[in-house]
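Please work through each task before reading its solution.

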Amino acid sequence: ARVGDEKMQGKALQFIRNIGADLEDGGAKSFRRIRELLNEKFTLDLGKAIFNIEAEMLVPSAGNCVTCRKRTGNAPEFADVAGTKTAQDMEADEARLQAQIDAAETARNDEEADRLIGEMSQRWQLRHGMRHAGPMVCTDPDCFEAKKKAHLKAEAARLEREGTIVIAGGKARQAVNAQGQLAEGFIPADGVDVSKAKADLKIVIIQDPRSGRMVEAYRTEDVAAAGIKVKQAKARSAAGGRDTQAHERMERERERRRQEAEHENAARRAILAAVRERAAAQPRSEFDLRMVAMAMVGRLPYDDRDTLLALYGTETPEALLATVQQMGPDELGRLLLDCALVDGIDCDQWSLERPPEALNQAASHYGVDSAAVRQAAAEPVQTPAPDVPPPTKSSKTSKARKPEAQPELL
């Protein structure tokens, strides 16, 4: 619902359909996948903008990006994106964590290394799931694109006023590919020895419409006319403009890695079969419970995870996972139950009709009168008039509102 106007929302819906998300349940089972898709396709990192994000008149109707209400830092509906770290911050955190993993492995502290590797996996999933994060994210791709085009147009006009030949727009897209390589008919300027030219050579600026990079080049025909020998272009593959030998080397390397991955997968499946066989011969252990608990905590959606953190009085998943390392079997079992109970426990105006199935099943199993608890929780809070003491709550009301005792953590 927060994706742009009706036209853009229709485009977003089509993207969701294309990934095969289950729309019969409103996308509940595909929540994280849909969120990550929309984050990738419909938000942009302002830190990577090629234009001045503080320019007021680049696109007068849009104004300044920093003060724009569509920037995540100014948009309350994007609090989940604005409140997370930027990709650069996450990469720095991962680098520090990798150093700790290396130190633990050097010290042969396998238990600590395994814990840190699990934490690294969670951080990696978060960073790659939310490609655009932090307060400096644009939520209007059309406006971002309009500013990009306006900037490129202004830069091309400035260069032309200075007497430079500029290739822009569709012609530039044909002249330089997505990898930044020049098409036939152009030679990079740094690859031409102009001191050997018998005539003046005019440099050409190719304005890459994808990255905004200004590529300096000469036309091949101009170089030849100036008497400079032009090396024959290497044979090119049909796809991507790479030379044949390089392409063949890349294909051989790709095939080698494919076979290596195939052998590795076979080995991992064999190890999995061996572990399952050994585990089946033993009763479930504290180790098993802890592994499952770590995986469950790490895979919870944001809203459900926040609810779980509140239940255990911790502020971050890392703090909770550190606590899990100290839990006994009963506490681990309770944590696993909590992971199931918090599934979909929070709702909004669009998901009011979607019941918390796990919570309802557990309430029925444990004999909790959901209707009575719901009625007590729905009673309005009485706000006393000024200078009038608040009414004393009855013991019955107090009992009904008494929160469930939190589990003690070792």
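**Salt bridges in a predicted model**

R268 forms a salt bridge with E264, their closest N and O atoms lying 2.8 Å apart; a salt bridge here is a side-chain nitrogen of Lys or Arg within 4 Å of a carboxyl oxygen of Asp or Glu. The model is predicted, so local features need pLDDT of at least 70 and side-chain atom pairs count only at pLDDT 80 or more, while totals for chains, interfaces and linings use all residues. Residues are numbered from 1 along each chain as its sequence is written, and side-chain values use heavy atoms, with hydrogens and water left out.

**Exercise 1.** Determine how R268 and E264 are placed in helix α9.

*Solution.* Step 1: both residues lie in helix α9, four residues apart, about one turn of the helix; helices are DSSP runs (H or I, at least four residues), numbered from the N terminus. Step 2: R268 is exposed at 54% relative accessible area, whereas E264 is partly exposed at 37%. Buried means under 20%, exposed over 50%, and partly exposed in between (1.4 Å probe, protein chains only).

**Exercise 2.** Explain why E255 and R258 are separated by about one helical turn.

*Solution.* Step 1: E255 forms a salt bridge with R258, with 2.7 Å between the closest N and O atoms. Step 2: the two are separated by about one helical turn because they are three residues apart in helix α9 (residues 244–280). Step 3: E255, at 33% relative accessibility, is partly exposed, and R258, at 43%, is also partly exposed.

**Exercise 3.** State how many salt bridges a search of the whole structure finds.

*Solution.* The search finds 13 salt bridges.
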